[in-house]
Amino acid sequence: TLDGRVTHEPTGRSRDYGDLVEVAATIPVAEEPPLKDPADYRILGRRLPRIDTPEKVDGSKVFGMDIQVPGMAVACVERSPVLGGALRTFDGGEAQASPGVRAVVRVPSGVAVVADDTWSALEARKKLRAEWDPGVIGELSAEGLDRYLRQRVEERGAVARDDGEVEGALRRAVTRVEADYQVPYLAHATMEPMICTVWVTDDGTVEVWAPTQNATNTQRAAAEVAGVPPEQVTVHAIPMGGGFGRRSQVDFVREAAEVSMAVGGPIKVVWSREDDTRGGYFRPASYQRFRAGLGADGMPVAWHHRVVAPSIFHQMRPGALDRANGVDGDAVGGAASLPYGIPNLKVEFTRAELDVPLWFWRAVGHSTNGFTTESFLDEVAVAAGADPAEYRHRLLSDHPRHLGVLERALEASNWGATLPQGVGRGVSVHESFGSFVAQVAEVSVEGGRPRVHRVVVAVDCGQNINPDTIEAQMDSCVAYGLSAALWGDVTFENGRVVQGNFDTYPVVRISDMPRVETHIVASRDL
């Protein structure tokens, strides 16, 4: 077998795999079929270029903004400035009279301005006069949110993990360490804001052009709006200008179908950057309290971690947490599975009762808990007077894959070597969704804020398919993590999101990006 064909060597006759599928399906399969020896791999582990890279570089790749359909109009929707608010009344007369405007129509999400092109729709939308009911979060503010979360962290939560007897171990500890951490709501900030083109035709068929992470729900949403069976909806799933979880939601698809229904033709609904930052879904905010107790040898004998956060799963399926004893497994991801060898360990979860719309943002709970648990372990190591890398090494003796990436990162970064004046070094280890990663960062403080110069990454993600893809993923993880750590913050004032474009919601730019060196740990683990 070679290159997708089965060849009979004595005669040279060959057939494609596809030609043999039906016959192959009749052949019994061994319970434990032998795997190919890695020494015989011809493709796995090779640096193969992505076939779509040239199109992305020269601009010929077709994304959501590039879709063109005959007779298509472009719409921009004015939505409630307060998430969850409802439209009372509007005056669209001035917008309707603007150049290039074809229609101003009310839709469930707000008021759509339909025009010949994007600029005309955006400019005319500014002339709308609308009044809104603020909804349930109309008084939400950054100060109120902070006060509420601080109150809730004082309460006991649902138990996600309970090893040993934490309170007794804390009382007997030689040294106590305590710290609180708070992480904010975050927007997905995809490079391409939400966009979707839909054509609901008079004969009951529907076509959707969507950069989506969820084609099935895209089809269902369009079918529900059009009132037709899903099989009458054709979804063209086009490349995404970033997804990060946001494009697995289908609100932007549903809205485009509603506008198409309202005007009776093909419509491309374009979200501005401000629409995208203020009117979508967010990574949950979180407030976390840690307590640790150290023995006479400086090693931790007790660890108590309480997480307060709103729950994505509760918003998706109210009552779901009741069936899980009150614990949102995602909200405690990476906390309840803490790998360090601490004999008395307890993790609690308290659901914050907030109505800000939530959705999955990359690793979600791991993105907050990886930061908080590793930061607090550093504080514990400082209290013990220990080297943070050696401290982790001693606590990970029962976790070889964590140890493997830690040791590789320390070796590759030359941990312990003298650094330039003013430059510090930090280390972290975390496992998420079956991948194990350790990082060593070299950091200084410039102008009062951190500057990351170099990040050494060691990753064990199981079977290495393409090193280039793994390295690209690690680059993006560093970029996204730094964006969140240094600048990411969605705040509210009178229920309105304060941030809008990249001037108030920055992401890492080239001048801020450190050098990233990725080292892949050989592994065949799943």
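Select residues 286-294 and 300-309. These are strands S14 and S15, paired antiparallel over 8 bridges. Strands here are DSSP runs of E with at least two residues, helices are runs of H or I with at least four, and both are numbered from the N terminus. Two strands pair if DSSP finds at least two bridges between them. Pick Gln288: its bridge partner in S15 is Val307.

A note before going on: this is a predicted model, in which local features need pLDDT of at least 70, side-chain atom pairs count only at pLDDT 80 or more, and totals for chains, interfaces and linings use all residues. Residues are numbered from 1 along each chain as its sequence is written, and side-chain values use heavy atoms, with hydrogens and water left out.

Axes are lines fitted to C-alpha atoms, for helices over the stretch in contact, and angles run from 0 to 180 degrees between N-to-C directions.

Contact means heavy atoms within 4.5 Å.

Now show residues 365-384 with 388-395. These are H11 and H12, packed at about 105° with axes 9 Å apart. H11 is therefore roughly perpendicular to H12, a label that covers 65 to 115 degrees. Show side chains where they meet. From H11 come Glu374, Leu377, Asp378, Val380, Ala381 and Ala384; from H12 come Pro388, Tyr391, Arg392 and Leu395. By class, this contact has 7 nonpolar, no polar and 3 charged residues. Ala, Val, Leu, Ile, Met, Phe, Trp, Tyr, Cys and Pro count as nonpolar, Asp, Glu, Lys and Arg as charged, and the others, Gly among them, as polar.

**Cavities**

On a 1 Å grid over the protein atoms alone, a cavity is a set of points where a 1.4 Å probe fits but cannot get out; a pocket is an open set with protein on both sides within 12 Å along at least five of seven lines; lining residues have an atom within 4 Å of a point. Points are joined across faces, edges and corners, and a volume is the space filled by probe spheres set on them.

Centre on Pro284, Ala309, Ala331, Gly365 and Thr368. They lie nearest the centre of the largest cavity, which has 17 lining residues. Its space is about 110 Å³. Which element gives the most to this lining? H11 does, with 3 residues.

Move to the second largest cavity, about 80 Å³. Its lining includes His188, Trp361, Tyr480 and Tyr505. The classes are 9 nonpolar, 3 polar and no charged residues.

**The second largest pocket**

Last stop: select Arg79, Ser80, Leu83, Gly279 and Gly280. They lie nearest the centre of the second largest pocket, lined by 36 residues. About 870 Å³ of space lies there. H8 gives the most to the lining, with 4 residues. Colour by class: 15 nonpolar, 8 polar and 13 charged residues.

Key:
Angles under 35 degrees count as roughly parallel, over 145 as roughly antiparallel, 65 to 115 as roughly perpendicular and the rest as oblique.
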